[in-house]
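Trainee: I would like to go through the labels used for this model and see what each one rests on. Please set the values against the cut-offs.

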Amino acid sequence: MREQISSASRVVVKVGSSSLTTPQGVIDVDRVDALVDVLAARRRTGTQIVLVSSGAIAAGLGPLGLSARPRDLATQQAAASVGQGVLVARYTSSFARYGLRVGQVLLTADDMMRRSHHANAQRTLSRLLELGIMPVVNENDTVATDEIRFGDNDRLAALVAHLIHADALVLLSDVDALYDGPPSRAGSSRLAEVRGPDDLVGVELGKNGAAVGTGGMVTKVQAARIATGAGVPVVLTAAAHAAQALAGADVGTFFHPGGRHPGTRLLWLAHATTGRGRITLDEGAVEAVVTRRKSLLPAGVVSVEGDFAAGDPVDLCGPRGRVVARGLVNFDAGEIPGLMGRSTRELASTLGPEYERELIHRDDIVILESHS
Ligand SMILES: Nc1ncnc2c1ncn2[C@@H]1O[C@H](COP(=O)(O)OP(=O)(O)O)[C@@H](O)[C@H]1O
Ligand SMILES: N[C@@H](CCC(=O)OP(=O)(O)O)C(=O)O
């Protein structure tokens, strides 16, 4: 199965902040060069690689005179603004040693969901790869607010892997594998492979990562779930083992791919976002949406909560409040009370033909796992 990594012709490699920067908040040039050596060698074999690199915030700390990762979003964004430039400059000169050119791609969570942005990101990344450029992706930290932020690049990397139809995802961190408990605890042992959710039962995942990282193991395992759920195999290991991981050696943790290939937007909806509001459905609408996979019509809605706009993700709940699905809604929250419980035909005849549309189209609904 590890051959899936060694034979992959398109690979997404994600590297965490702690593997690129020093605790003093500056770039560790030797470690960046060592990673670039490995990626350039793989590139020479004809493999296309997209690098998803964290480290903007961490690399901005030193230049801003900060001794630790700031807590407030605005200062984090300022650090990211300074650090991203430094980071990409470093990659540019490091890849130039091999005659390779770098293209910076900054993405937000929204770019992964909204149809037009999503198609744009896909087109740009494909063109960069065709041109032989090494795309270096990061979250667009300076514009992402708390609610719409991924906050970690692990899940972003999984969505990028799906977006560009990658054959493999390699997650590089400061820890050499997933362990069944905190790696610092005596007796914790490495998981060489994960075949499915059952293999993760009882595994303790630390939320907090290294001082400069975010998300810890939780977001890495979520990322592995997103990618494998989209049919992409994943290896998680330390940046120092990148060469062996790419060669298919028995290092780190290998996550076996599943067979499904849902659209990236729906993957994003299911795993990487939270609803901006809640729409409660009657039993008939739950049955239609969850069991028969129909669109949600205003007639089946009994209440609405939250302040969302058309296009936002919202949670769909059954009559007893259980969340059963999530979808991208076609109306603003304020419009829905006037539409609830009414048939689309009646709405069209009283309010106009533009009201004949569904509240949420079935292509924009994802059934949450426990109900599928
Ligand atoms: N079960 C576990 N197995 C491996 N590492 C774990 C586990 N639980 C928590 N961790 C911690 O997660 C950290 C990696 O997360 P993070 O610092 O966010 O990485 P990165 O900056 O590379 O994205 C490791 O340093 C490790 O101590
Ligand atoms: N966009 C942020 C990424 C933060 C992040 O995901 O960090 P990490 O857990 O080190 O991968 C940055 O560049 O600092």
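Trainee: What span does helix α2 reach from its first C-alpha to its last, and what is expected at 1.5 Å a residue?

Mentor: Bear in mind that this is a predicted model. Helix α2, residues 29-44, has 16 residues and reaches 22 Å, close to the 22 Å expected.

Trainee: How do you know that the buried residues of α2 line one face of the helix?

Mentor: The buried residues are Val32, Leu35, Val36, Val38, Leu39 and Arg42. Seen down the axis of α2, they fall within an arc of 160°, so they line one face. Asp30 and Arg44 are exposed on the other side of α2.

Trainee: What do the buried residues of α2 pack against?

Mentor: They pack against β1 (10-15), β2, α4 (73-96) and α9 (242-246). After α2 comes Gly46, with a positive phi near 100°.

Trainee: Why is Ser54 called buried?

Mentor: A residue is buried if 20 or more other C-beta atoms lie within 10 Å of its own. Ser54 has 31 within that distance, so the label "buried" applies. Ser54 is placed in the loop between β2 and α3 (56-61). Beyond residues up to four places away in sequence, Ser54 touches Val15, Gly16, Ser17, Asn138 and Asn153.

Trainee: Is Asp141 buried or exposed, and what makes it so?

Mentor: Asp141 has 24 other C-beta atoms within 10 Å. The cut-off for buried is 20 or more, so Asp141 is buried. Asp141 lies in the loop between β4 and α7 (153-163). Leaving aside neighbours within four places in sequence, Asp141 contacts Ala56, Ile57, Gln76, Gln77 and Ala80.

Trainee: At which residues does UniProt place the feature "binding site", and how do you know that they gather at one spot?

Mentor: The unreviewed UniProt entry places "binding site" at Ser54, Asp141 and Asn153. These residues span 100 residues in sequence, yet no two of their C-alpha atoms are more than 10.7 Å apart, so they gather at one spot.

Trainee: What makes strand β4 mostly covered?

Mentor: Six of the six residues of β4, 134-139, are buried. Met134, Val136 and Asn138 point one way and Pro135, Val137 and Glu139 the other way, and all are buried.

Trainee: How do you know that β4 pairs with β2 and with β3?

Mentor: Pairing needs at least two bridges between the strands. Strand β2 (residues 48-53) and β4 have two bridges, in the parallel sense, with Leu51 opposite Val136. Strand β3 (residues 102-107) is joined to β4 by six bridges, also parallel, and Val105 has Val137 as its bridge partner. Both counts meet the cut-off, so both are pairs.

Notes. Residues are numbered from 1 along each chain as its sequence is written. Chains are lettered from A and ligands numbered from 1 in the order in which they are written. This is a predicted model: local features need pLDDT of at least 70, side-chain atom pairs count only at pLDDT 80 or more; totals for chains, interfaces and linings use all residues. A residue is buried if 20 or more other C-beta atoms lie within 10 Å of its own, exposed if 12 or fewer, and partly exposed in between; C-beta atoms are placed from the backbone. Helices (H or I, at least four residues) and strands (E, at least two) are DSSP runs, numbered from the N terminus. UniProt positions are given in the numbering used here, feature names are shortened, and annotations may be inferred rather than shown by experiment. Two residues are in contact if their C-beta atoms, placed from the backbone, lie within 7 Å. The expected span of a helix is 1.5 Å times one less than its number of residues. The arc is that of the directions from the helix axis to the C-beta atoms.
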